[in-house]
Amino acid sequence: VDESPAGECIFCKLVNGDIPSAKVYEDELTIAFMDIGQACEGHVLVASKRHAANLLELTPEEAGAAMQTARRIAAAAAQALEPEGITLFQANGAAGGQTVFHFHLHVLPRKAGDGLSLTWKRE
Ligand code: 5GP
Ligand code: ZN
């Protein structure tokens, strides 16, 4: 379900340059930019350039490109920040934890004891 039409989508505005972002990478199909929330140092989002509500609305090419871009960002983070680990996280639908309904994937450089939780794990 597309819970935000493309015309009022915050990430479409960001892709179009209608709202500012700290862009770190861009290619034909994807864009990567700093998450405004910075859950941890170096928290980057990889989004499709085309409006797609979630993973299921991506073409195979877009899905492949998103993972290639995530790998590129992870490699850059490994160089620049020397994290102890890196988490990729991607939510689909409100019940899946998604809050912005334009496909994106989180790249989270991690340190032991950084206090972040993986919300799908049972107590
Ligand atoms: P979700 O909860 O859908 O997986 O992730 C949405 C993410 O988008 C959140 O981590 C939030 O901080 C980020 N975000 C929301 N609005 C903006 C914005 O205008 N600019 C940027 N750079 N990130 C945003
Ligand atoms: Zn959009």
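Biologist: What are the ground rules here?
Modeller: It is a predicted model: local features need pLDDT of at least 70, side-chain atom pairs count only at pLDDT 80 or more, and totals for chains, interfaces and linings use all residues. Residues are numbered from 1 along each chain as its sequence is written, and chains are lettered from A and ligands numbered from 1 in the order in which they are written.

Biologist: How many residues does helix H2 have?
Modeller: Helix H2 (residues 60-81) has 22. Helices are DSSP runs of H or I, at least four residues, and strands are runs of E, at least two, numbered from the N terminus.

Biologist: Which residues in H2 are buried?
Modeller: Ala66, Thr69, Ala70, Ile73, Ala74 and Ala77. Buried means 20 or more other C-beta atoms within 10 Å of the residue's own, exposed means 12 or fewer, and partly exposed is in between, with C-beta atoms placed from the backbone.

Biologist: What is on the face turned away from that side?
Modeller: The exposed residues Pro60, Glu61, Ala75 and Gln79.

Biologist: New topic. Where is isoleucine 86?
Modeller: In strand E4 (residues 85-89). Isoleucine 86 is partly exposed, because 18 other C-beta atoms lie within 10 Å.

Biologist: And what does isoleucine 86 touch?
Modeller: Leaving out residues up to four places away in sequence, Ala74, Ala77, Ala78, Val107, Leu108, Pro109 and Arg110. Contact means C-beta atoms, placed from the backbone, within 7 Å.

Biologist: Last one. How many residues surround ligand 1?
Modeller: There are 13, and the closest are Ile36, Gly37, Ala91, Thr99 and Val100. Near means a C-beta atom, placed from the backbone, within 6 Å of the molecule.

Terms used: Two residues are in contact if their C-beta atoms, placed from the backbone, lie within 7 Å. The expected span of a helix is 1.5 Å times one less than its number of residues.
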